[in-house]
Amino acid sequence: MPLSTESQTDNDQYILIASLDNARNLSNILKAISLRDHAIFNATQNGLKVTVEDSKCLQANAFIQTDIFQEYTIKEDAVGFQVNLTVLLDCLNIFGGSTVPGVCTALKMCYNGYGHPLTLFLEEGGVVTVCKINTEEPEEPIDFDFCSTNVTNKVILQSDSLKEAFSELDMTSEVLQITMSPSHPYFRLSTFGNSGNAHYDYPKDSDMMELFQCTKTQTNRYKMSLLKPSTKALGLSCKVSVRTDVRGFLSLQYLVRNDDGQICFVEYYCCPDEEVEEE
């Protein structure tokens, strides 16, 4: 990787260095959570967690493990900062996000601590561009207190089946209603739009259903405007885990395989709009 020719002295000044042979592996996963301009980066020995929030009702997290990077060096237990995600994505795609086979934009991302910019070295075809993006002190992300011990219902689906459901449901609906139950209809998505009511059911033994664990019947509604951004992650993913907890909070966890076949995760948390009482 050409960027690795930088001197060791230059590297020593940074507390965080993350390098990729293919910048698109990072830009794709960040596009999947680009709900708002600002993103909170939290780097640890395990990799990067990037968080974006909307209206205290929705939180999107991208988890990018260390083994995705060709180089990953962190000199502190945790490093946190906030950046403008729109600007960062513009920089990552400065060469136009080439899709030509064998042509990749190499990336080296460096950070030198509080008050310093996030520095990107991008190289393609021998041309190196340096971008410096202002950072801010990170805000504390909302704690949705979504823990596995409180999960009541969980299904894992092949993403293609969820894409098919969204293509058939009426997306003019203000809400998406999700019913999860140990008995019929098992897993149902419902909309109430301009074309009337629409339902999409999954039998628990469907070929598209990889896991079905439902302990109680729950029906909750979620604002479609909050869920629509998660379809960016759905489009990249091959599997999706749908979980609800005792409060009706929703977790959508997408398994995303990048261009090199490595796995990242994108997770959305969404609070319920209203609970539907069972008749």
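View 1. At 21% relative accessibility, tyrosine 186 is partly exposed, a class that lies between buried (under 20% relative accessible area) and exposed (over 50%), with a 1.4 Å probe and protein chains only. The model is predicted: local features need pLDDT of at least 70, side-chain atom pairs count only at pLDDT 80 or more, and totals for chains, interfaces and linings use all residues. Residues are numbered from 1 along each chain as its sequence is written, and side-chain values use heavy atoms, with hydrogens and water left out. Tyrosine 186 sits in the loop between E11 and E12; helices (H or I, at least four residues) and strands (E, at least two) are DSSP runs, numbered from the N terminus. Its phi is near 65 degrees, a positive value in a residue other than glycine. Proline 185 is found in the loop between E11 and E12, and a cis peptide bond with omega of about 10 degrees joins histidine 184 to proline 185.

**View 2. Aspartate 145 in the loop between E9 and E10.** Aspartate 145 is located between strand E9 (127–133) and strand E10 (151–158). Although aspartate 145 is not a glycine, its phi is positive, about 50 degrees. The residue is partly exposed, with a relative accessible area of 45%.

**View 3. Threonine 105 and its polar contact with glutamate 124.** Threonine 105 lies in the loop between helix H3 (85–92) and strand E7 (106–111). With 7% relative accessibility, threonine 105 counts as buried. Its side chain makes a polar contact of 2.5 Å with the side chain of glutamate 124. A polar contact is a pair of N or O atoms within 3.5 Å; within protein, one must be able to donate a hydrogen and the other to accept it, and residues adjacent in sequence count only if both atoms are side-chain atoms. Not counting residues up to four places away in sequence, threonine 105 touches (heavy atoms within 4.5 Å) residues including Asp21, Asn22, Phe95 and Leu122.

**View 4. Threonine 219 in strand E15.** Threonine 219 belongs to strand E15 (residues 218–223). Threonine 219 is buried, at a relative accessible area of 6%. A polar contact of 3.2 Å links its side chain to the side chain of threonine 179.

**View 5. The buried face of helix H4.** Ser159, Ser161, Leu162, Ala165 and Phe166 are the buried residues of H4. Seen down the axis of H4, these residues fall within an arc of 160 degrees, so they line one face of the helix; the arc is that of the directions from the helix axis to the C-beta atoms. Asp160, Ser167 and Glu168 are exposed on the other side of H4. The cover over the buried residues of H4 includes strand E13 (196–202), helix H6 (231–236) and strand E16 (237–245).

View 6. A cavity is a set of points, on a 1 Å grid over the protein atoms alone, where a 1.4 Å probe fits but cannot get out; lining residues have an atom within 4 Å of a point. Among the residues that line the largest cavity are Leu162, Phe166, Ser230 and Tyr254. Helix H4 (159–168), strand E11 (175–180), strand E12 (187–193) and strand E17 (250–257) each give two or more residues to this lining. E17 gives the most, with three residues.

Definitions and conventions:
1 Å grid on protein atoms, 1.4 Å probe; cavity = no way out; pocket = protein on both sides within 12 Å on 5 of 7 lines; lining within 4 Å.
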